[in-house]
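This report describes how two protein chains meet. The sequence and the structure are shown first.

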Amino acid sequence: MAMTDKWEVVIGLETHAQLQTQSKIFSGAATAFGAAPNAQACAVDIALPGVLPVLNRKAVVCAIKFGLAVGAQITPRSIFARKNYFYPDLPKGYQISQFEIPVVQGGGLSIRVGDAEKFVNLTRAHLEEDAGKSLHEDFQGKTGIDLNRAGTPLLEIVTEPDMRSAEEAVAYAKALHALVQWIGICDGNMQEGSFRCDANVSVRRAGEPLGTRREIKNLNSFRFMQQAIEYEIQWQINEIEEGRKIQQATVLFDPDKGETRAMRSKEDAQDYRYFPDPDLLPLEIKPEWISDVKASMPELPAAMQARFQAEFGLSAYDASILTASRGMADYYVVAVSAAGAANAKAVANWIMGDLAARLNKADMPIDASPISATQLAGLIQRITDNTISNNIAKKVFEALWNGEGVNADDIIDKQGLKQITDTGAIEQIIDEVLAANQKSVEEFRAGKDKAFNALVGQAMKATKGKANPQQVNDLLRKKLTAG
Amino acid sequence: MSLNLEEVTRIARLARIELSSTEADATREQLNGIFGFIEQLQSVDTKGIAPMSHAVDVVQRLREDKVSEADRRAAFQAVAPDVEAGLYLVPKVVE
């Protein structure tokens, strides 16, 4: 970090979230992923003469949901504009977007990097249509155009330049990714391009005005985002330290080489000559519509996080992990309601500990967990009521994961894992252990505490781990000091 | 406000319109004529009047999110200059 000490990094993010609609934003063509090329590009999408765009109500509902979720202003009358540029996968020669008056203005998102919490302000979010796809593989020396994606509804979400490191940028992108899925407006599938980020990165010496930014386009994984931004920061610092000036540019990240490189100079390309689209009238959103949408929304992660802290006594950290995704939160809520609020902390620990580790190892999302929330709750209840020890619980957990029983009780029963709590039975085992380990007994009496642990170990081994360890401890100490 | 020849050439390039130098001169005159009209409009006092984004003062009608368009690729591609494997082919574009 010594190198970057005197440098301040400034990052703003633009994210394109593909909205979960059946049909396109301005036409009735389907949006399903993976269709045959151009099979979902209708007359409006391919810009045949005489067609008119008609706005999809669902896309607007998605924008309203997002605005409500980030505490933004929903603009009562927003305007669609034409963004003019030429590219073969943009049949009209302009993209319908919003410019001066976007549908969502302001708001923000809380992010967490390590222990620090930070608020990232949003500038705006606007509705627009996606372009088609250009396939540059060789088609007799030509470029192939697939317009299926043309007209797919997008919400472009723009932050203020509030982030100061690659970590913060990634934390914001992850929080946003979780939120759009949480409120059900975007499927978040980054491989299919449903959630893509552009990062505007600049550096400046502490206290100086903002430096010239370069925009890293189309970051479609969090790992690439981290790598690309880190590389870009270091590159810009080196350039300036070697006396060169940063030129405003659009750059692409090459994951194979781990570096960014300039795509085109922005001079011409940036002159988009926006103007209001005469084909579309102002989008009016009345307060009643906003209240209707609000009533249909799920509890938001921030509210749920506060509730988990208040209701279940979880730490802010635990509550934030458990509300990191809708799947995680749903799992926790079901597990706690089955295990009882008294076990809320234990449920949290199991989910964030053993279950998370196991899911991680199997590379599975929590929604696909082989152990259901109710099964986990059943397991935890058997620990709390002393039917099994924590150690045995881990065995039962593995068995549940492998589908060896319908629930914890079934496995405990079938595999004979019930904890031995009968004092008489434990005493009998201890007597046998003492008789067989006279040497350890003498060592203990000679003042060696280690010998005691060895005897506890022997007793636990003799019960195959099923004795209550605390009970074994107490009984053993009583016998040794009494004798 | 009036445009110089350089600005006219730049606008033409952005619009992908090829202009000879005589055409550029003529276009400049025409555009500057239009700017004259705009100046006339701008001289009207509009203080306190909310700007309109459309000539008609009504709001956008919305459609329900339903798929209504069938696949008509074959018909559309019948009039395209060049197609292959369902794709429209265009002169090679390289970034």
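The sections below treat the interface of chain A and chain B in a predicted model.

## Extent of the interface

The interface brings 37 residues of chain B into contact with 57 residues of chain A. The size of an interface is often given as the accessible area lost when the parts come together. For chain B and chain A, about 4200 Å² is buried between them, and carbon and sulfur atoms account for 55% of it. On the chain B side, the residues that lose the most area to chain A are B:Gln60, B:Arg63 and B:Asp65, which together make up 17% of what that side buries.

## Polar and charged interactions

Between chain B and chain A, 24 residue pairs are in polar contact, counting pairs with both residues at pLDDT 80 or more. The two chains are also linked by four salt bridges. One of the salt bridges joins A:Arg77 to B:Asp57, with the closest N and O atoms 3.4 Å apart.

## Elements contributed by chain B

Several elements of chain B each supply at least two residues to the side that touches chain A: helix H1 (5–14), strand S1 (62–63), helix H3 (73–78) and strand S3 (87–91). The largest share, five residues, comes from S3(B). By residue class, the side of chain B that touches chain A comprises 15 nonpolar, six polar and 16 charged residues.

## Strand pairing between the chains

Strand S2 (residues 55–56) of chain A pairs with S1(B) in the parallel sense, over two bridges. Within this pairing, A:Leu55 has B:Leu62 of S1(B) as its bridge partner.

Note on methods. Residues are numbered from 1 along each chain as its sequence is written. Chains are lettered from A and ligands numbered from 1 in the order in which they are written. This is a predicted model: local features need pLDDT of at least 70, side-chain atom pairs count only at pLDDT 80 or more; totals for chains, interfaces and linings use all residues. Side-chain values use heavy atoms; hydrogens and water are left out. Contact means heavy atoms within 4.5 Å. Buried area is the accessible area (1.4 Å probe) that two parts lose on being put together, summed over both. A salt bridge is a side-chain nitrogen of Lys or Arg within 4 Å of a carboxyl oxygen of Asp or Glu. A polar contact is a pair of N or O atoms within 3.5 Å; within protein, one must be able to donate a hydrogen and the other to accept it, and residues adjacent in sequence count only if both atoms are side-chain atoms. Helices (H or I, at least four residues) and strands (E, at least two) are DSSP runs, numbered from the N terminus. Ala, Val, Leu, Ile, Met, Phe, Trp, Tyr, Cys and Pro count as nonpolar, Asp, Glu, Lys and Arg as charged, and the others, Gly among them, as polar. Two strands pair if DSSP finds at least two bridges between them.
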